[in-house]
Amino acid sequence: MKVLVTGGAGFIGSHIVDALIEHGHEVAVVDNLSTGHARNLNPKASFYRVDVTDPAALRDVFEREQPAAVIHQAAQVSVAQSVAHPAEDARTNILGTLHVLECSLACGAGKFVFASSAAVYGEPQHVPIDEAHPTEPISPYGIAKRTCERYIEVLCQGTALRPVILRYANVYGPRQDASGEGGVIAIFADRIARGEPLHIHGDGRQTRDFVHVADVARANLVAATIPVAGTFNIGTGTETTVLEIAQVMIREADAPERLTFGPERPGDIRRSCLDVAAARERLRWEATIPMDQGLRTLLSRARA
């Protein structure tokens with residue numbers, strides 16, 4: 001099957017491309033390399049340096065490739081950037097998604113997999129959060145992701161395009177960029193490798209559901225290749241504090257325990273942990289990589 005992956009040179013997207021190719025699929029990658037890296041590209045994939053906000057260039061790629069499935073990963077991923085520049089966030093995350101969706105409909109693709117986020121839920125009313133939880137995002141990033149979900153749900157009605165929306169927990173693993181808005185685990189690993197103290201926003205007792213990128217890639221592989229549609233949480237169902245992550249990483253790396261604390265970031269939620277029962281039952285997917293194993297591997301690579 002031919003699959004087009006937007007953001008396929010990025011952290012999560014490149015792992016999805018690798019998983020698809022490993023399972024025998026033909027893959028085309030669309031990425032503008034603004035945050036992705038050429039070194040992440042799988043040499044067996046076709047590559048187009050195209051921005052998803054350029055509809056004409058995007059149409060040319062779709063007309064040439066005629067994918068049977070589309071996995072849309074390309075996005076502006078920084079919550080802080082979305083707060084500082086909400087219009088730019090909307091241009092990339094809402095308009096870019098609409099361009100990809102319109103091209104998918106026009107070329108007759110059968111499946112559209114969208115990378116959404118736990119940020120659509122906002123401050124949880126209960127933990128773990130299931131897919132029926134109210135969606136009240138508190139950041140422009142979360143608002144954009146939820147807006148895209150609704151566009152996808154509405155525009156795919158009555159068409160042959162089956163949408164799957166994957167609401168990611170906090171993804172970590174190899175190739176995650178520690179600069180800019182890198183995930184907290186990537187930032188901690190980089191600081192440990194440099195012998196620097198770990199800096200925590202807030203008191204460190206905010207919780208997240210940390211899921212390994214290999215598990216997320218496998219969720220996308222399944223979502224793109226089986227006859228299912230719907231919205232699914234992709235996480236571990238385990239709630240972990242940022243402080244606990246810091247302490248585990250310090251212990252695994254045998255590094256000195258040096259922590260600094262600063263103010264909370266605007267748009268950050270206090271608690272997050274996803275109920276993944278729907279993904280387990282309907283996608284036949286669940287996370288398999290334990291946190292200690294994932295962190296140990298990541299730290300060993302950071303030291304190499």
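Which residues of helix 6 are buried? I started there, keeping in mind that this is a predicted model.

**Helix 6.** I looked up residues 184-194, the span of helix 6. Its buried residues are Ile185, Ala186, Phe188, Ala189 and Ile192. I then viewed helix 6 down its axis. The buried residues fall within an arc of 160 degrees, so they line one face of the helix. I noted the general rule: an α-helix has 3.6 residues a turn, so residues three or four places apart point the same way. Just past helix 6 I checked Gly195, which has a positive phi of about 75 degrees.

I found an open sheet of 7 strands, ordered 3-2-1-4-5-6-11, with parallel pairing. Strand 3 (46-48) and strand 11 (230-234) are at the edges. Each has a single partner strand, so one side of each lacks a neighbour in the sheet. From one strand to the next, the twist averages 20 degrees.

I picked strand 1 (residues 2-6) and strand 2 (residues 26-30). They run parallel and are joined by 5 bridges. I followed Val5 across to strand 2, where its bridge partner is Val29.

**Helices on the sheet.** I turned to helix 4 (residues 86-107), which packs on the sheet. Helix 4 touches strand 1, strand 4 (69-72) and strand 5 (111-117). The direction of helix 4 makes about 175 degrees with that of strand 4. Helix 5 lies across strand 5, strand 6 (162-168) and strand 11. I noted its angle to strand 5 as about 160 degrees.

Terms used: Residues numbered from 1 in each chain as written. Predicted model: local features only at pLDDT ≥ 70, side-chain atom pairs only at ≥ 80, totals over all residues. Heavy atoms only, no water. Buried < 20%, exposed > 50% of the residue type's maximum accessible area, 1.4 Å probe, protein only. Helix = DSSP H or I, 4+ residues; strand = E, 2+ residues; numbered from the N terminus. Arc of directions from axis to C-beta. Pairing = 2+ DSSP bridges. Axes fitted to C-alpha atoms, helices over the stretch in contact; angles between N-to-C directions. Contact = heavy atoms within 4.5 Å.
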